[in-house]
Amino acid sequence: MLLLFTVILLLAVVLTGLIRRYALTYKVLDIPNQRSSHSVPTPRGGGLAIVLAFFAAALWLFFDSRLTDTSLALLGSTLLVAVIGFCDDHGEVAARWRFLTHLLAAIIALELLGGLPVVLVPAPFDAILGRLSLNPGWLGYPLGALFLVWTLNLFNFMDGTDGIAGSEALFVSSALAGYLFFIDQSLCAVALSLAAACGGFLLWNWPKAKIFMGDVGSGFIGLLLGLLILLAAQQAAVLLYCGLILFGVFIVDASYTLAIRMFSGQKWYAAHCSHTYQHAAKRYGHLPVLLTTWAINCGWLLPVSLWIFKHPSHALAGMTVAYLPLIYLAYRFKAGQTELAIS
């Protein structure tokens, strides 16, 4: 696994540099506007390096007999999102076509996955239901599609400041790999491969970013992380809650911001820059926000998820404890409110 991580990390570094040169040559640039968190035109589409490096690792694992045909096809469903994201990075793609592609990819993935895994029911609901697990049955497909499409889009929403998306993907996939090391070595290697690919890209995206991820990377990673959480939950139901806790910074910020925009009568579907991390970046700068995100992830969410991993019956309480401070931060930074409303 150390060899796999090292090779994929280096491959991602090289590929990101080549893609940056391509973006500069063909003017694939992110031009600053009133919604931007950056001030100079910057190459975009660097997430393609993550896609290519990750699938190089997936093929390695497949030919090493660590991945089955079905597993490889399941991971391959994320390529649909990467392709539509690549097209959107090079020219505007209508929102309806993006959404239909996202939904199709989620449905294909769920079909290959066999629906949602059996969900661990945390206390006190286990006493009410009289059992420790709940099989979602046919409801697993619409619920699973909603979950995957949401993780895909929330990751896209949260990719707005230097290093934050690459860092979140690196953190969540690395932490999942740590848990899976004791449960499923093959799935651990998949999570570790994503971590390596994101780490290689992050060296170019660290403030001040030399290239942005673009939709080709953000949508792909969002869907893949959602799939990894569901795959991990198939091996151990408690990992569903651990994954949701690890993903907490993005889940809470995106969900809180969307809720505020919807209930305040704003055009919630329109592009904006009113997330917690965006307001914080404008006030303090990109690097302090990124370092704070790392501190929250490693100093708060990781320990809480570890507690839940060891004590599954505390899952509901653990998620509540993990999310409440994040909700408070979103409230304090007036997430969902426009600059005009804040001033």
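Predicted model: local features only at pLDDT ≥ 70, side-chain atom pairs only at ≥ 80, totals over all residues.
Residues are numbered from 1 along each chain as its sequence is written, and side-chain values use heavy atoms, with hydrogens and water left out.

Two packed helices are described by the angle between their axes and the distance between the axes. Here, helices (H or I, at least four residues) are DSSP runs numbered from the N terminus, as are strands (E, at least two). Axes are lines fitted to C-alpha atoms, for helices over the stretch in contact, and angles run from 0 to 180 degrees between N-to-C directions. Angles under 35 degrees count as roughly parallel, over 145 as roughly antiparallel, 65 to 115 as roughly perpendicular and the rest as oblique. A crossing is left-handed if the near helix is turned anticlockwise from the far one by less than a right angle, and right-handed if clockwise.

Helix H8 (residues 164-180) crosses helix H14 (residues 286-310) at roughly 20°, and the two axes come within 11 Å. H8 and H14 are therefore roughly parallel to each other, and their crossing is right-handed. Contact (heavy atoms within 4.5 Å) involves, among others, Ile 164, Leu 170, Phe 171 and Tyr 179 of H8, and Leu 290, Trp 294, Cys 298 and Phe 309 of H14. By class, the contact of H8 with H14 has eleven nonpolar, four polar and one charged residues. In this scheme Ala, Val, Leu, Ile, Met, Phe, Trp, Tyr, Cys and Pro count as nonpolar, Asp, Glu, Lys and Arg as charged, and the others, Gly among them, as polar.

Helix H7 (residues 140-157) and helix H10 (residues 215-235) have axes 7 Å apart and pack at an angle of about 140°. That angle makes H7 oblique to H10. The crossing of H7 and H10 is right-handed. Residues making the contact include Phe 147, Leu 148, Thr 151 and Phe 155 of H7, together with Gly 219, Gly 222, Leu 223 and Gly 226 of H10. Ten nonpolar, six polar and one charged residues make up the contact of H7 with H10.

For H3 and helix H5 (residues 95-113), the axes are 9 Å apart and the packing angle is about 160°. H3 and H5 are therefore roughly antiparallel to each other, with a left-handed crossing. On the H3 side, Thr 70, Ala 73 and Leu 74 meet Ala 109, Leu 112 and Leu 113 of H5. This contact of H3 with H5 has five nonpolar, one polar and no charged residues.

Aromatic side chains come next. The rings of Tyr 22 and Tyr 26 have centres 5.0 Å apart and planes at 40°, so the pair is tilted. Tyr 22 is partly exposed at 34%, while Tyr 26 is exposed at 58%. Phe 54 and Phe 55 form an edge-to-face pair, 5.3 Å centre to centre with 85° between the planes. Phe 54 is buried at 1% relative accessibility, and Phe 55 is buried at 13%. Phe 54, Phe 55 and Phe 220 form one aromatic cluster.

Val 190 lies in helix H9 (residues 185-205) and is buried at 2% relative accessibility. Although 189 residues separate Val 190 from Met 1 in sequence, their C-alpha atoms are 9.9 Å apart in space.

Finally, some loops hold backbone details. The peptide bond from Pro 207 to Lys 208 is cis, with omega near 0°, and Lys 208 lies in the loop between H9 and H10. Ser 65, a residue other than glycine, has a positive phi near 65°; Ser 65 sits in the loop between helix H2 (47-63) and helix H3 (69-76) and is exposed at 66%. Lys 334, which is not a glycine, has a positive phi of about 55°. Lys 334 is found in the loop between helix H15 (315-332) and helix H16 (339-342) and is partly exposed at 36%.

How values were computed:
Phe/Tyr/Trp six-rings, centres within 6.5 Å; stacked < 30°, edge-to-face > 60°. Buried < 20%, exposed > 50% of the residue type's maximum accessible area, 1.4 Å probe, protein only.
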